[in-house]
Amino acid sequence: MTIRFRDDMFESDAAFDAEATELPSLFAECGTAIFAVMADLASVKPVETRKIRLEDDSLEMLLHRWLSELIFIKDRDSMLFREFEVRITGLEGKFTLESMNYGERIDQARHKLGSDVKGVSFYRLSVKQEGSLWKAFVVCDL
Amino acid sequence: MRPAVKKITDFLWEISREENPAMRVPARIYASKIILDEMDDGVYQQIVNVASLPGIRRHAICMPDGHWGYGFPIGGVAAFSSSDGVISPGGIGFDINCGMRLVRTDLTVEEVRPKIKDLVNGLFNAVPAGVGAKGFLRLSDRDLDDIMVEGSGWAVKKGYGIPGDLERTEELGKIQGADPEKVSAKAVERGLGQIGTLGSGNHYLEIQAVTAETVYDDGAAAAFGVDRPDQTLIMFHCGSRGFGHQIATDYLQVFERAMKKYGLSVKDRELSCAPFRSEEGQDYFKAMICAANAAFANRQIILHRVREVFSAVFKKSPDSLGMRTVYDVCHNIAKLETYEISGRQEELLVHRKGATRALGPGNPSLPEDIRPFGQPVIVGGSMETGSYLLAGTKEAERESFASTIHGSGRRMSRGEAKRKVRGEQIASEMKEKGIYVRGASMSGLAEEAGLAYKDLDEVVRTVHEAGLSKKVCRLSPMGNVKG
């Protein structure tokens, strides 16, 4: 499983490639990447959980909506997430995602914080399988 | 590969329609030759894509502070027919009504410098910033509904400002046409706790100095409120916070699905659009206005906190310190404005993404006391290099849909900036230069280092020479709160 931030693109925002051998792991990698922009995740404890359940007809929309939901919860509950248990079922046309997301409330004194993520762009958003690997490309707005 | 650009003047370049069959109008880039050569390839491709959108008028524009965005380049301006053109959330951005406010004081630099640490520390505590920041106001859903409609006026009504603040705010701090029914419950939930906060990234609150040597237009400066030697001003940069970000996310998802319905296709999905007069287009516009008004209110509430801090440190009322708004501008927005197109007046929807309105002298939308000089344009530079106050021009109204730059524009990614410098090093170097900075994030400080930004003086020189906005004064940082 790997995340590679693309510093060759975008002066003001964050873009990354993610790879994993399984689709749910790929989504989890993307979740980790988003929150790694916002904080040093080593300083975040996985002591609270939030559940998410979504359905959509494409993997790209599913990823966009899941990451957007995590960002929404981040602001609504003032939380950072560091671990994700993701389950994806279904086929093209109807996918269902269920996730348990682990993190804690933001503590500006204790957490090493970075830049806030405002949202996820649709720019070149992709989720695809190449051979034995699942790959994603995501741009998030800072 | 970059399309060919044709020189119109030393500060204006054009990509003609022949470069790409999809282009409906030419694309124009305002830049000196130095800035043009340094612009990233993404700008060129993106401005060509914008020039291909339905209903676009005259030309798509990129300002000299422009850089790679998504959909529109940052620094992008495009105007569409309001009757048969489109609206594109990507042409406004996630941070709806991200903008700037500049505040004047009667304080001199000599009075402020000995107290700069007290002031910056006070502001850092009074104006929450960074990831996880929460506002001090306890708002109900009903309060937020009122804020969406009334904008800065809500804040003044509640005692967080004075009527003069509204007169010196774009659209008097309230754009007409807001409809809270078009805003999701999620956006309300996300935004309720963040009104009165600064945000992070390139958002900041800065105490600044103006000297006689850096005033370029005495008349305009005095009318705007920069009217004494070695004066202290305060500038801040922030937007609609999580409330606006959620509205942008909600409607990006709506528009992604709506494209097929209207037979639209775009090369870049972030340019997702819908006819302005469609149900989706109108719903988004009304929700966007809600977010814009919330951003005006946010900056108004932040000004209230700034006044409280200065009052506490100097033990005088804000009024006796002469703390008044110079101006407040949007730089991520879409607005209905009227321009002459092919010899007749046409209502257009002007998208500005990282670009500022710049009305010229005599424009009736400006308050009477500054009308002869044009609209103040607040241009934020990096925290190390300073900022500018400019004035809008008739030339901008004629040539660029009354638009100009918003900042110096980044020239380096955040990752690259963090590899070159550390936040602690930046803070230390700034301290040696006499600038006291408090940041919510050390990595954020590194990302915002001066070396990550274009040469502000060259960017400003471009729009000054191009006639889009004229230099009024240059402001230097003394103290800074970074998100």
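This is a predicted model: local features need pLDDT of at least 70, side-chain atom pairs count only at pLDDT 80 or more; totals for chains, interfaces and linings use all residues.

Trainee: How do I judge the overall form of chain A?

Mentor: Compare its radius of gyration with the value for a compact globule. For 142 residues that value would be near 14 Å, and chain A agrees because its own radius is 14 Å. The C-alpha trace of chain A spans about 45 × 35 × 25 Å along its principal axes. Of the 142 residues in chain A, 46% are buried.

Trainee: What is the strand order in the open sheet of 3 strands in chain A?

Mentor: The order is 3-5-4, and the pairing is antiparallel. Strand 3 (48–56) and strand 4 (79–91) of chain A are the edges; each has a single partner strand, so one side of each has no neighbour in the sheet. On average, neighbouring strands of this sheet are turned by 15° against each other, direction ignored.

Trainee: How many bridges join strand 4 of chain A to strand 5 of chain A?

Mentor: There are 12 bridges between strand 4 and strand 5 (residues 94–105) of chain A, and these strands run antiparallel. As one pair to look up, Gly90(A) has Phe95(A), in strand 5 of chain A, as its bridge partner.

Trainee: Which strands does helix 2 of chain A lie across?

Mentor: Helix 2 (residues 59–76) of chain A lies across strand 3, strand 4 and strand 5 of that chain, and runs at about 150° to strand 3 of chain A.

Trainee: Now a single residue. Is Ile47(B) buried or exposed?

Mentor: A residue counts as buried if 20 or more other C-beta atoms lie within 10 Å of its own. Ile47(B) has 28 within that distance, so Ile47(B) is buried. Its place is in helix 2 (residues 41–50) of chain B.

Trainee: Which residues does Ile47(B) touch?

Mentor: Leaving out residues up to four places away in sequence, Ile47(B) touches several, including Ile15(B), Ala27(B), Cys62(B) and Pro73(B). By contrast, the C-alpha atoms of Ile47(B) and Ile370(B) are separated by 34 Å.

How values were computed
Residues are numbered from 1 along each chain as its sequence is written. Chains are lettered from A and ligands numbered from 1 in the order in which they are written. Helices (H or I, at least four residues) and strands (E, at least two) are DSSP runs, numbered from the N terminus. A residue is buried if 20 or more other C-beta atoms lie within 10 Å of its own, exposed if 12 or fewer, and partly exposed in between; C-beta atoms are placed from the backbone. Two residues are in contact if their C-beta atoms, placed from the backbone, lie within 7 Å. The radius of gyration is taken over C-alpha atoms; the globule rule is 2.2 Å times the number of residues to the power 0.38. Two strands pair if DSSP finds at least two bridges between them. Axes are lines fitted to C-alpha atoms, for helices over the stretch in contact, and angles run from 0 to 180 degrees between N-to-C directions.
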